[in-house]
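User: Please examine the aromatic rings of this structure and the charges placed over them.
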Amino acid sequence: MAYVTGVDTGGTFTDTVIVGDDGSRVTGKAPTTPDRPEEGVVASLANAAETLDRPLEDVLADTSVLFHGTTLTTNTVLERTGGDVGLVTTQGHRDALHIGRTTTRTKGLSQQEMQHYAAQSKPQPLVPKANVRELDERTDYAGEEVVSLDDDQVRDAVADLADDVDAIAVNLLWSFRNADHERRVGEIAADVAPDTPTYLSHEVVPKLGEYERGATTAVNAYTAPVLADYVDDLASALLDRGLDAPVYLMKSTGGAMPLTEVENDAVATINSGPAGGVIGSQFIGDAVGEPNLICTDVGGTSFDVGLVIDGDHQVRATSAVQQYSLYQLSVDIESIGSGGGSVAWIDDGGALQVGPESAGADPGPACYDLGGDRPTVTDADLVLGYLNPEYFLGGRRELDVDAARAAMREHVADPLGVSVEEAAASVFEIVNGAMADLLRQVTVERGHDPRNFSIFAYGGAGPLHASFYGEDLGTQSTIVPLGDTASVFSAFGISTSNVGWVEEMSNPAVAPFDADDLADTFGELEDRIESDFESQGFDTDAVSYAREVDLRYKGQVHQVSVPVPTGDLADGDVDDLLDRFEAKYESLYGPGSTYAEAEVELVHQRVRGSGDTTNPTLAASAEAGDARTDARDVYWPDRSAFVETAIYDGDRLTPGDAVDGPAVVQLPDTTVTVRPHQRATVDDYRNIIIE
């Protein structure tokens with residue numbers, strides 16, 4: 001048996017999916033270990049190996065490829081645990097990262113945080129001003145040298161910084177037009193401070209926008225040493241346990257990269273875990289004929305939403321982390337702080353709030369009985385009867401109902417003057433409402449008709465809440481993918497990813513564009529990607545390419561990404577490009593929003609390269625038998641009351657089975673709710689489809 005394995009380290013749990021070459025699947029789950037995340041990975045893998053009834057060493061020996069998604073890079077920025085970074089920049093621009101943009105104060109904040117605008121401030125700089133060195137050099141907008149570089153000044157700057165920092169970021173003005181000065185700085189740094197890694201902005205992200213380019217390079221320098229140390233520890237831990245197979249790290253773009261590349265491209269792993277869920281949804285959607293999907297992931301700390309449209313996941317050219325705007329292509333995912341661990345609390349005005357603070361993995365919800373004493377969404381789910389306290393995580397953890405009720409009473413029920421059950425029901429409906437609002441934002445407010453979509457519900461708590469947060473949108477159906485695999489679906493999605501590289505370049509121009517110039521730039525980007533694949537031993541004939549340009553009306557800030565055909569480009573292709581830009585612009589901003597009299601600017605060109613790896617096989621498997629086990633009282637908002645509800649063993653549901661609501665389907669690592677007026681059916685892959 002040869003295995004394809006995916007492992008996703010989340011904020012609360014580390015999830016594993018192991019897929020055999022016959023399509024059989026087993027899952028594993030273990031608490032995330034923030035201080036030593038590789039230990040959580042090994043524990044999760046061991047948990048999955050137990051299900052196979054095989055030693056972990058034997059399972060790893062039979063593994064053909066392992067994919068991994070991690071929150072480490074994101075958390076390093078959020079928790080400020082990266083190394084000390086120095087910045088080398090052009091004279092007169094030492095404050096660029098500190099000044100930021102006009103949006104820096106609110107970039108990436110939730111709607112709830114935006115309501116308290118006066119309390120917001122710019123993020124604490126990753127690079128203190130004391131660690132910035134300026135060089136008397138200058139290249140102009142056309143790439144022509146105006147002031148030559150002084151090698152001695154570079155040596156002094158690097159030597160001065162190297163004593164106090166762990167990494168150096170270099171961001172010289174207009175380096176994306178002419179990188180000669182940055183290359184020379186890199187050469188001198190390698191000579192003067194060979195043990196201090198140096199990151200050059202034209203290598204990290206050669207794009208127009210001094211602030212974004214500098215911020216991206218600084219974040220890469222800030223996180224790379226931490227990620228590199230982790231990858232070394234992970235590789236050693238897996239090797240010691242018998243793994244002799246390639247290991248790939250999930251990127252925010254939806255592709256994966258070899259572990260050997262992480263130090264050069266650490267910033268590409270920001271938000272890699274949530275991207276896996278969207279990629280997995282696209283994979284399953286293609287198999288079952290569902291091209292339009294709303295991908296929803298309810299984990300312990302957040303609710304993440306992405307879209308698959310016409311069979312393709314959606315991407316965006318920028319990312320935001322800790323209020324920094326980064327030039328990092330990523331799967332387009334919107335998130336709010338609403339997850340199973342989200343804490344319920346009463347604000348100063350006496351109103352009930354849920355999240356964004358999370359109880360996390362330690363101490364976790366009150367019902368975990370690990371020291372947490374504040375009520376969470378999971379506690380509310382337990383009080384309302386959705387969760388079986390003796391079957392959480394398949395019985396590996398018993399939940400304390402009394403602790404959940406006590407926390408709900410002290411922090412919500414008594415302050416509001418209501419019963420514990422009413423308090424839990426309020427928490428439940430508030431979090432479902434917040435999730436539904438986010439779904440509207442990514443569909444209706446972007447011009448998409450939800451009636452053309454189905455919802456994919458995954459994550460530990462997604463299948464429980466999806467029948468509530470999805471119904472008001474009027475979608476075609478809600479689908480819980482692959483039965484119990486839904487609880488670890490991001491890990492499954494990571495295992496379906498291909499190795500991918502993205503190369504971008506700013507090439508500012510105003511329409512009409514020169515077709516030959518566009519083609520030459522795309523050719524240069526594709527040559528870089530081909531070199532990347534060759535360095536990893538890939539057959540470049542099997543690599544597929546996708547081209548894009550970012551266009552905008554002259555004078556605007558926001559850009560629209562438009563696909564470009566591969567191969568040679570003719571003038572007619574450029575005309576078609578402008579037509580597609582206007583069509584997409586109207587789809588995003590409404591009919592009549594285009595302005596034909598305005599000039600159209602080309603900002604960036606981009607190529608995405610994808611190389612196939614071994615994808616997991618899909619097959620249905622289940623233990624046949626009577627799936628209905630018993631009944632218990634469950635609270636249903638439709639009835640505003642507890643109702644005797646049928647309970648089903650999800651492991652015994654087989655293709656063709658149907659469940660009428662009200663019902664609760666219990667799976668080892670997740671729970672599916674079927675509301676009183678709904679019906680659930682099981683398809684050939686054990687997807688549970690609720691209509």
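User: Which residues do ring pairs link into a cluster?
Analyst: This is a predicted model, in which local features need pLDDT of at least 70, side-chain atom pairs count only at pLDDT 80 or more, and totals for chains, interfaces and linings use all residues. Residues are numbered from 1 along each chain as its sequence is written, and side-chain values use heavy atoms, without hydrogens and water. Rings of Phe, Tyr and Trp (its six-membered ring) pair if their centres lie within 6.5 Å; planes under 30 degrees apart are stacked, over 60 edge-to-face, and the rest tilted. The cluster linked by such pairs consists of F283, F456, Y458, F489 and F492.

User: How many aromatic pairs are found in the whole structure, and what is the geometry of F428 and F468?
Analyst: The search of the whole structure gives 19 aromatic pairs. For F428 and F468, the ring centres are 5.0 Å apart and the planes stand at 85°, so the pair is edge-to-face.

User: Is F428 buried or exposed?
Analyst: Buried denotes under 20% relative accessible area, exposed over 50%, and partly exposed in between (1.4 Å probe, protein chains only). The relative accessible area of F428 is 1%, so F428 is buried.

User: Over which ring does the charged end of K207 sit?
Analyst: A charge sits over a ring if NZ of Lys or CZ of Arg is within 6 Å of the ring centre and within 35 degrees of the ring normal. The charged end of K207 is 4.3 Å from the centre of the ring it sits over, that of Y327.
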